[in-house]
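Here is a short note for a colleague opening this structure for the first time. Please read it with the model on screen.

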Amino acid sequence: MLALRVQASAPIAPFDEEPGTLPMLARTLRQTQDDALAAAGVVQGDDASQPRLVFGDGTFFTPSLVRKLRRLNRPGRLRIRDEGWLRMASPLATDASAPYIGLVAPGQPATLDGLPDLEVDLELSPSPPAVVHPAFAHVVAEGGLVAGAAIAHDIEHWVHLVRVNLLALTARAAEITERFNQAPWWWKVGRAAEVLWAAGWPSEARIHRAVCRVARSAKIHPSAVVEVSEVGAGAVIGPLAVVRGCVVGPGATVDAQAHVVASSLGPRAQVGRGTHLALCSLGEGAMVSHGWGHQACVFGRDSFVAQGVTTLDLSFGGPVRVDHQGRRVSAGTHFLGSCVGHRARVGAGVRLGYGMAVPNDALLVAPAADLARRWLAPVGGPATIVDGAVVPVKTG
């Protein structure tokens with residue numbers, strides 16, 4: 001079977017680019033599409049005399065889904081009926097039940113318009129969020145992640161980049177489990193022996209470290225903790241850093257004492273000393289300096305976030321609102337960080353509200369009224385800052 005990528009998406013703000021070029025699993029969406037097709041044994045090409053897998057340039061999909069569609073081998077467009085998936089994926093989506101992927105019969109044009117529905121058992125399963133504090137009850141009520149090895153999701157907003165990167169990480173784990181369950185017994189025994197040999201004395205933490213995929217040229221400090229992750233060539237993980245459930249791209253750096261969880265770092269991306277990242281995606285060359293921590297954020301190519309930047313990520317009122325197609329609309333969630341465009345620079349002390357999108361090439365600095373620039377107060381008494389000037393505190 002051949003596969004054909006077709007133009008089916010619009011540019012994504014604030015990047016002003018089609019989604020195929022945007023960060024996905026430390027690569028780009030287009031590269032992850034190519035990887036999925038290759039893993040499923042499908043060759044890209046356009047020969048109308050053969051059946052073809054047609055997919056949109058802005059559609060994420062997994063190898064497991066491609067295999068399921070190949071086994072069906074009949075024309076149609078994927079249709080997802082799972083109620084949990086639709087609840088999770090529908091916000092900001094044109095039609096979350098019908099991502100742009102399906103099969104076209106020989107002799108037919110390479111379009112999914114007008115084709116019948118293809119309903120596939122995707123074997124999706126929900127993962128409700130843990131209740132860690134009563135203040136998060138409204139987030140728990142939204143429902144958790146619905147995921148599996150076989151998924152497809154159109155990218156129509158930067159919020160989808162946050163969601164799909166997490167879905168992609170989850171799908172990788174599910175696909176590994178699926179392959180293990182379907183393998184012959186002798187392969188399972190051999191693989192288990194390899195993991196236990198790498199882990200030494202078996203424990204959960206040792207096994208999590210043993211199943212990592214680490215390039216030979218990567219450098220991981222002996223005091224760092226790297227678990228269930230992929231680390232690319234030339235990447236550096238510094239002293240006391242923690243990396244869990246991540247994809248770290250070639251040449252990326254996680255500095256000392258940084259803590260990175262369920263995130264993807266593109267080539268040459270940098271995470272500064274002591275920084276905390278969770279559910280984030282960094283494009284190629286992006287740098288996030290030391291700060292209070294960032295969750296559910298997207299950082300574009302060669303963007304820079306200075307020390308002390310705060311990104312809010314939890315609304316205690318209504319759902320987070322974002323800009324979409326010229327309007328302010330609900331993102332369908334109370335939990336969401338920010339998006340920083342390509343080459344944008346965010347200065348020290350800036351606070352970004354949840355759902356905020358910083359345009360490409362922007363330079364955003366914090367208010368300067370409380371930044372000391374001139375000393376006008378006598379030494380010895382209490383002083384404060386007013387409009388950049390250090391002045392004596394009035395007493396009495």
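1. The model is a predicted one. The points that follow should be read with that in mind.

2. Ser 264 belongs to strand β22, which covers residues 264-265. Is Ser 264 buried or exposed? Its relative accessibility is 1%, and because buried means under 20%, Ser 264 counts as buried.

3. Ala 26 is 238 residues away along the chain, yet the C-alpha atoms of Ser 264 and Ala 26 are 5.1 Å apart. Leaving aside residues up to four places away in sequence, Ser 264 touches Leu 25, Ala 26, Asn 165, Val 247, Cys 280, Ser 281 and Leu 282. With one of these, Ser 281, there is a polar contact between the two side chains, at 3.4 Å.

4. Ser 338 is in a loop, between β32 (327-330) and β33 (339-340). Ser 338 counts as buried because its relative accessibility is 1%, and the cut-off for buried is under 20%.

5. Beyond the residues up to four places away in sequence, Ser 338 touches Trp 158, Ala 296, Cys 297, Val 298, Thr 311, Leu 352, Gly 353 and Met 356.

6. An open sheet contains 8 strands, paired in parallel, in the order β14-β17-β20-β23-β26-β29-β34-β37. At its edges stand β14 (219-220) and β37 (363-364); each has a single partner strand, so one side of each has no neighbour in the sheet.

7. Strand β20 (residues 253-254) pairs with strand β23 (residues 270-271) in the parallel sense, over 2 bridges. Thr 253 has Gln 270 in β23 as its bridge partner.

8. Strands β39 (residues 383-386) and β40 (residues 389-392) run antiparallel and are joined by 4 bridges. In this pair, Ala 383 is bridged to Pro 392 of β40. How many residues lie between the two strands of this hairpin? There are 2, and Asp 387 in the turn has a positive phi of about 50 degrees.

Terms used:
Residues are numbered from 1 along each chain as its sequence is written. This is a predicted model: local features need pLDDT of at least 70, side-chain atom pairs count only at pLDDT 80 or more; totals for chains, interfaces and linings use all residues. Side-chain values use heavy atoms; hydrogens and water are left out. Buried means under 20% relative accessible area, exposed over 50%, partly exposed in between (1.4 Å probe, protein chains only). Contact means heavy atoms within 4.5 Å. A polar contact is a pair of N or O atoms within 3.5 Å; within protein, one must be able to donate a hydrogen and the other to accept it, and residues adjacent in sequence count only if both atoms are side-chain atoms. Two strands pair if DSSP finds at least two bridges between them.
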